[in-house]
Amino acid sequence: LGSPWRMPTTNEIVLLCKGATGTGWVAWGTVGGAWGSYGGVPGGYFNGTSASPTTLFFPASGFRSGSDGSFGNVSSHGYYWSSTINNSSNSYNLQFNQSNGAIPQNNNNRSNGFPVRCVQ
């Protein structure tokens, strides 16, 4: 894609989640979103803040394991990388599922295969 497209920072993901922060589960109502589907694909709707009021749909695409290459949580969880590095092996990501809501600042090993949702 190239400039001006890039990966969002963890702070931008926090804005998408109505300012909710942390590495624990936050209810859908608090993050200003909802579980739903688009075209029959399950996932999460995020409404953002007044500074970024656009509703975005993120498919619950699951992940690919960095240790054995298997797929996990497809159609039940969404994981999306941010550009923010936590340490030498981990980065922050958005995680969500139907029953728990979202983790705006989740932390995972970069060997795992998560999708990327680019922003401008």
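H77 is found in strand β6 (residues 77-85), where strands are DSSP runs of E with at least two residues, numbered from the N terminus. The model is predicted, so local features need pLDDT of at least 70 and side-chain atom pairs count only at pLDDT 80 or more, while totals for chains, interfaces and linings use all residues. Residues are numbered from 1 along each chain as its sequence is written, and side-chain values use heavy atoms, with hydrogens and water left out.

With a relative accessibility of 15%, H77 counts as buried (under 20% relative accessible area; exposed is over 50% and partly exposed in between, with a 1.4 Å probe and protein chains only). Leaving aside residues up to four places away in sequence, H77 touches W25, A60, S61, G62, Q95, F96 and N97, a contact being heavy atoms within 4.5 Å. The side chains of H77 and N97 also make a polar contact at 3.0 Å (a pair of N or O atoms within 3.5 Å, one able to donate a hydrogen and the other to accept it; residues adjacent in sequence count only if both atoms are side-chain atoms).

Turning to the rings, a search of the whole structure gives 13 aromatic pairs (Phe, Tyr or Trp rings, the six-membered one for Trp, with centres within 6.5 Å; planes under 30 degrees apart are stacked, over 60 edge-to-face and the rest tilted). F63 and F114 form an edge-to-face pair, because their ring centres are 6.4 Å apart and their planes stand at 85°. F63 belongs to strand β4 (residues 63-64) and F114 to the segment after β8 (101-109), so this pair ties together parts 51 residues apart in sequence. F63 is partly exposed at 21% relative accessibility, whereas F114 is buried at 9%.

Technical notes:
Helices (H or I, at least four residues) and strands (E, at least two) are DSSP runs, numbered from the N terminus.
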